[in-house]
Amino acid sequence: MKVLLVYAHPEPKSLNGSIKDFAVRRLENAGHEVQVSDLYAMNWKAALDTQDNTARNPQDRFNPSMDSKSAFENGAQSKDIEAEQQKLLWADAVILQFPLWWFSMPAILKGWIDRVYAYGFAYGVGEHSDSHWGDRYGEGTLAGKRAMLIVTAGGWESHYSPRGINGPIDDILFPIQHGVLFYPGFDVLPPFVVYRTSRTDDDTFSNICDQLGQRLDTLWSTPPIPYRQQNKGAYRIPELTLQPEIAPQATGFSVHVGE
């Protein structure tokens, strides 16, 4: 299988750097092909701006979505965007690895999403009608591929528990897992989260590697999170609200996860 690991940490000698190196070795030793997009090492440009469309008229008003669409359709995307899209198309599975900074991904990784997920590539695809509202949330360009997060957090695991002060980790990661990964079609696996990173000693790191190794070994057999697909009857279209008979008394992120 082919695996793309998109890595966002500025220090190669960090815990994240060691986890990334372990993951690559484990996957390659199992016979998989691996590509790594090390965003800091690549000096990735995070800001989506007018430079991303090489054919735009500088006198025109900048419209991020329409510029993205035009560049994608006309082969005028900047080369770095095009290269990352080709990696996504190449991969059977994608891993996003990052430290949890202020309850989200580092800006450089968000910028990778902003720029690589072009209109016509990751969004704005498929028909819009009274029964089908675009190819997204379970359908789309990246359907049939798997995705997983590897996340490190400084807080204790209990801080991210259902009653923890930081909020449940599944809720914190929902915009990434459901919005960034499921939206363009990925089958999203449960995340691998490392807590209390400042307390990581040799024994703890060994345990992390054991647990992560098991997750990587089962990358193609682990059941994905059962998010409800948009166009399979669970949602009213075009309102895109759940059908009234589905979890009628429930609200929040969890209602978008089936059984």
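In which helix is Asn-16 found? I looked this up first, and Asn-16 sits in helix α1, residues 15-29, where helices are DSSP runs of H or I with at least four residues, numbered from the N terminus.

I note that the model is predicted, that local features need pLDDT of at least 70, that side-chain atom pairs count only at pLDDT 80 or more, and that totals for chains, interfaces and linings use all residues. Residues are numbered from 1 along each chain as its sequence is written, and side-chain values use heavy atoms, with hydrogens and water left out.

**Asn-16.** I checked the accessibility of Asn-16, which counts as buried because its relative accessibility is 4% (buried is under 20% relative accessible area, exposed over 50%, partly exposed in between, with a 1.4 Å probe and protein chains only). Leaving out residues up to four places away in sequence, I found that Asn-16 touches Tyr-7, His-9, Gln-97, Phe-98, Pro-99 and Thr-152, a contact being heavy atoms within 4.5 Å.

**Salt bridges.** I then turned to charged pairs and found 10 salt bridges in the structure, each a side-chain nitrogen of Lys or Arg within 4 Å of a carboxyl oxygen of Asp or Glu. Asp-80 pairs with Arg-115, with the closest N and O atoms 3.0 Å apart, and this pair links distant parts of the chain, since Asp-80 lies in helix α3 (residues 79-90) and Arg-115 in helix α4, 35 residues apart. Asp-80 is partly exposed at 27% relative accessibility, whereas Arg-115 is buried at 2%. I also noted that Asp-80 and Arg-115 belong to a network of salt bridges with Lys-45, Asp-49 and Asp-52.

Elsewhere, I recorded a salt bridge between Arg-236 and Glu-239 at 3.8 Å, N to O; Arg-236 is partly exposed at 40%, and Glu-239 is partly exposed at 44%.

**Cavity.** A search of the whole structure gave me 1 cavity of 30 Å³ or more, a cavity being a set of points on a 1 Å grid over the protein atoms alone where a 1.4 Å probe fits but cannot get out, with lining residues having an atom within 4 Å of a point. The largest cavity holds about 110 Å³ of space, the volume being the space filled by probe spheres set on the points, which are joined across faces, edges and corners. Its lining has 14 residues, and Leu-48, Asp-52, Ser-68, Ile-81 and Arg-115 lie nearest the centre. I saw that α2 (64-73) and α4 (107-116) each supply at least two lining residues, and that α2 gives the most, with 4 residues.

Methods:
1 Å grid on protein atoms, 1.4 Å probe; cavity = no way out; pocket = protein on both sides within 12 Å on 5 of 7 lines; lining within 4 Å.
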